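Dear colleague,

Please find below the structure that I am handing over to you, together with its sequence. My notes on what was found in it follow directly after.

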Amino acid sequence: NVSPADLAGVFAAASSVLITTHEKPDGDALGTSLALHRSLRQIGVRSWIVLAGPLDQNLLAVTSEDDDVRRFEECGTPSEEEEPDLIAVVDTGAWTQLDSMKDWLRPRVDRVVGVDHHARGGSVAGRRVVDTECASATQALVPVLDAMGIDLSQNDVATPLFLGLATDTGWFRFSSAGPAVYRLAARLMESGVDKDDLYALIEQNASPARFAMIARALTSLSFMGNGAVAVMRLSMEDFAETGASLEGLAGIVNTP
């Protein structure tokens with residue numbers, strides 16, 4: 001309900017911004033949060049990110065010491081002394097995906113802005129840019145950053161943008177990866193993204209415990225509905241025997 005330029009002006013006028021996203025954040029959720037965080041730093045606006053729920057540790061490898069990324073389970077909601085004057089909710093517009101933060105967010109909806117690419121959402125953000133033609137929230141964020149005058153090659157803004165674009169398109173395998181996606185990917189690579197290193201970091205960096213859980217999940221695989229439905233099971237005993245954590249299981253559900 002606002003233009004990217006309008007939202008860019010809101011960000012530029014802020015003095016402090018809390019950035020959050022849906023629980024169990026994926027590559028697009030973290031990528032959008034991180035790209036916005038680094039962009040705000042570039043224009044001198046203080047911000048920090050709050051993430052809730054299990055998170056693939058490989059994704060966190062994209063963060064740096066300069067990034068202020070916090071876990072809700074450790075820090076909770078901001079204190080009165082750290083109350084932000086703007087809140088950005090990215091990659092979701094649904095209250096059901098913000099369970100940990102919703103009680104804190106609801107009284108502050110007049111200060112919430114959103115960037116998303118999903119058609120369905122609630123009234124989380126009063127001012128929002130939602131482009132359902134985008135393959136990722138990072139793609140929807142780029143026009144806002146362009147309106148802010150952000151240099152994507154500075155502060156490594158391009159890498160988290162590429163992370164969201166790549167992971168939400170299955171590394172460009174899904175039908176959502178149309179010409180606009182490839183044009184943006186090329187622009188981000190020209191801005192310094194090393195796609196091969198990023199792919200290896202995110203997708204080829206599994207722990208022994210994860211491999212053990214994949215093996216157990218596949219061993220449990222069964223089919224029903226004439227092969228239309230695939231079911232895998234993991235038990236608490238599997239976690240105990242392999243030493244795996246919930247945060248190490250991201251993406252296993254996609255195997256079948």
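**Salt bridges across the chain**

Arg70 and Glu82 form a salt bridge, and their closest N and O atoms are 3.0 Å apart. This pair connects distant parts of the chain, since Arg70 belongs to strand β3 whereas Glu82 sits in the loop between α4 (72–75) and β4 (86–90), twelve residues apart. A salt bridge here is a side-chain nitrogen of Lys or Arg within 4 Å of a carboxyl oxygen of Asp or Glu. Helices (H or I, at least four residues) and strands (E, at least two) are DSSP runs, numbered from the N terminus.

Please note that this is a predicted model, in which local features need pLDDT of at least 70 and side-chain atom pairs count only at pLDDT 80 or more, while totals for chains, interfaces and linings use all residues. Residues are numbered from 1 along each chain as its sequence is written, and side-chain values use heavy atoms, with hydrogens and water left out.

The structure holds 13 salt bridges. In another of these, the side chains of Arg108 and Glu83 meet at 2.6 Å, N to O. Arg108 lies in the loop between α5 (102–105) and β5 (112–116), and Glu83 in the loop between α4 and β4, 25 residues apart. Arg108 counts as buried, at 17% relative accessibility, whereas Glu83 is partly exposed at 28%. Buried means under 20% relative accessible area, exposed over 50%, and partly exposed in between (1.4 Å probe, protein chains only).

Arg216 and Glu241 also meet in a salt bridge, at 2.9 Å from N to O. Arg216 is in helix α10 (residues 208–219) and Glu241 in helix α11 (residues 236–242), so this pair ties together parts that are 25 residues apart in sequence. Glu241 is exposed, with a relative accessible area of 56%, while Arg216 is partly exposed at 29%.

**The strands around β2**

Five of the six residues of strand β2 (residues 46–51) are buried, so this strand is largely enclosed by the rest of the structure. Strand β1 (residues 16–21) pairs with β2 in the parallel sense over five bridges; two strands pair if DSSP finds at least two bridges between them. Within this pairing, Val17 stands opposite Ser47 in β2. From β1 the chain crosses through helix α2 (residues 27–42) to β2, and this β-α-β crossover is right-handed. That term applies if, with the strands pointing away from the viewer, the path from the first strand over the helix to the second runs clockwise.

β2 also pairs with strand β3 (residues 69–71) in the parallel sense, over three bridges. There, Leu51 has Arg71 in β3 as its bridge partner.

**A buried aspartate**

Asp56 is placed in the loop between β2 and α3 (57–60).

**Helix α7**

Nine of the eleven residues of helix α7 (residues 158–168) are buried, so the helix is largely enclosed by the rest of the structure. Among them are Phe162 and Leu163. Just after α7, Gly170 takes a positive phi of about 60 degrees.

With kind regards
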